[in-house]
Structures are given as structure tokens and as C-alpha cells.
Amino acid sequence: MILYTVMPLEQVFPEESTVYGKVKQVTFQGIPLMVEAEDFQYARVVRVLSTNPQDFLDERCCPGTKISFSFLEGLSS
Amino acid sequence: MNNDYTQNDMEQEPQKEERPASALIEKIQQLGQTNVPQLSSDSKIHCLTIIGQIEGHLALPPQNKTTKYEHLLPQLVAIEQNPNIEGLLVVLNTVGGDVEAGLAISEMLASLSKPTVSIVLGGGHSIGVPIAVSCNYSFIVETATMTIHPIRLTGLVIGVPQTFEYLDKMQERVVNFVTKHSNITEETFKDLMFAKGNLTRDIGTNVIGTDAVNSGLIDEVGGLGLAMKKLNELIDLHKSQSAEGLVQ
């Protein structure tokens, strides 16, 4: 099949459901974070979701830091 | 007792995988600087960032930067409930997105009892407009733009007149909200919305900084310093008003 369209590829073909599952919302000592599973033990912080500007200065959870899963709450899977 | 406390705290600390020797380099890589200023007390002003696309019922692919309403709404509830938080600063740089999610955030902000101030940085397009005007006072930086355009629909559309009426009603909700929460008149807003020739091959207007203030949409041109000053003023006013309420 040849598809002639000006639409971007990702709009024609939906993303696979696996790519959605990678990033998860968790809380780390009361700070809501978006994390990505690095391996079985660690998660990498993608984004800080808190509204408290002080949480953005907390170097324990600045984006890119690895945090052990045992410190995270709210992991659904 | 105190020692026990600190020890417990230490145990609560997450274990860093990296050695402390590389911590400095890591910090430079992550933040571009070696240390960030640490303030001892909790902030009485919280900051809500509306960035990227406003995500509604449909989850966008992960490479899109999105603001999810299911993240924001509970945070707004928490801000309303927390007595230590006295004001809220809303920072907008959005391309717009889901109308209903955007209106939900706008309504939550408008009904928040604490003082709110918004700043539009870069862009506050389409559904970002009601969010910007929903705050008690709104700022726009000189270089920021806001696109005002009619509502669009993606997905399955049934080609019947009722679809148009549905769209028209949805648009009316946005127009009503914006005119109610800003100084712009319905006539001016609709003029901007249906203007031709401003956007190439599209209907609408792109208002930049001072134009947004002149049309009455945004209260003032200004950046972070002015916004914080205004927010502190509003907080003081709010405090004195609630104190008067207690006396009576």
C-alpha cells in the first residue's frame, strides 16, 4: 500500500503503546516527579512536577539524577 | 534525641549511584553551574508552569512536551488548601491544545481564593489565552505573542450542521470566559479572532506584547520582577482584607 499524504507520519500511524509506558509519575519525599526507568534498580528523573519553586533547587531530584526505586512511591507497575 | 533524628534523616537520603568525586562534574552537566542557591524556608509563593501543549483526553506521544490537567488540578487543590502558600505565579509558554482541559485549568485558577498573577513568556496561544486572563493580574513580556483564532476540531467529524453548532457553542464558552476575566470587549475579541490577512492562509490574529495590553486582553507589559512585585502587593491586600473580615 502506498499512502499519499501531507500528514506527518506519527499522525497517520499511532505510536506503539510501549513508548507511553516508559515515563511514570511518582512522588519522592513529597515531591511529584516524572521518572523514566533506567534499569531494575534506578529511575532517572525526567521532570519535576511540583509547584514549589524550592523543590526545583533540591539537587536530590533535579532532572537527570538517578534515584533508587526503593525511595519512590506511587509506582503503579 | 537530636542525634537519632539526624541519623534517621540520613537513612532516608537516597543512595547516589555515582561516587562523590564525580558529583561536581555531574552538577555542571545537569545545571550548567556548580551550586544553586539554597533557601532555608519554604516558599510562600508557588509557581505553576503551563508549557508545551495542553493535553486533554488524548495522550500525546511522549516526545511532545505537555501540560497534563490531571497533574495540575490536584496541585491547584493542594495550593488552595495549604495555609503556608499565599500566592501563585503562573508562567505560560504554550502553543495551546485541548479546549476543555484548558478551560478546566482556567476555571480552577479563576476560582482560586489566593492571589494569582500570570506571565506570558514566548507564547500563550489559543487556549493559553483563557489561562493567562484567568489570573487576578496578567503580565506579558514584550516579545511574547498570543494567537487568537477560532476553535478547530481534529478527529472524526460528522458533516452535519449540528457539528458546526456544537463548535460554535464551544467557541462561545471560550469567548465568554475571556471577556469575563479581562478588559477586552466581546466585539474586539471576535474581531481579532476572525481577522483575515494577519496569519497567512488562516483566520485569526497574532498579538504581540504591547498589542495584547492595548486591546485589553492582558493587564500590563512586564517580566518576572514586576510580576513578583504585583503578586506581593496582592498578597498584602488579601491579608489585610481577611484581617478586616476577622474583626467584623
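B:M146 touches B:V120, B:G124, B:H125, B:V129, B:A132, B:I140, B:T205, B:N206, B:V207, B:A212, B:L217 and B:I218, leaving aside residues up to four places away in sequence. This is a predicted model. B:M146 is also among the residues that touch the most other members of the largest nonpolar core.

**Nonpolar cores**
- The largest nonpolar core holds 54 residues.
- Besides B:M146, the residues touching the most other members are B:I50, B:L109, B:F189 and B:L217.
- Helix 6 (residues 161-181) of chain B gives this core its largest share, six residues.
- A second core is separate and has twelve residues, including A:V35, A:A43, A:I67 and A:F71.

**Chain B overall**
- Chain B contains nine helices and ten strands.
- It has 248 residues, and 41% of them count as buried.
- Among contacts in chain B with a separation of 6 or more, 69% join residues 24 or more positions apart.

**Helix 4 of chain B**
- Helix 4 covers residues 99-110, twelve in number.
- From first C-alpha to last, helix 4 reaches 16 Å, close to the 16 Å expected.
- At the start of helix 4, a side-chain oxygen of B:D98 comes to within 3.0 Å of the backbone nitrogen of B:E100.
- Its buried residues are B:V99, B:A101, B:G102, B:L103, B:I105, B:S106 and B:L109.
- These buried residues pack against strand 1 (45-55), strand 3 (87-97) and strand 4 (116-124) of chain B.
- They also pack against helix 3 (69-81), helix 5 (128-133) and helix 6 of chain B.

Note on methods: Residues are numbered from 1 along each chain as its sequence is written. Chains are lettered from A and ligands numbered from 1 in the order in which they are written. This is a predicted model: local features need pLDDT of at least 70, side-chain atom pairs count only at pLDDT 80 or more; totals for chains, interfaces and linings use all residues. Side-chain values use heavy atoms; hydrogens and water are left out. Helices (H or I, at least four residues) and strands (E, at least two) are DSSP runs, numbered from the N terminus. Buried means under 20% relative accessible area, exposed over 50%, partly exposed in between (1.4 Å probe, protein chains only). Contact means heavy atoms within 4.5 Å. A nonpolar core is a set of buried Ala, Val, Leu, Ile, Met, Phe, Trp, Tyr and Cys residues joined through side-chain atoms within 4.5 Å. The expected span of a helix is 1.5 Å times one less than its number of residues. A polar contact is a pair of N or O atoms within 3.5 Å; within protein, one must be able to donate a hydrogen and the other to accept it, and residues adjacent in sequence count only if both atoms are side-chain atoms.
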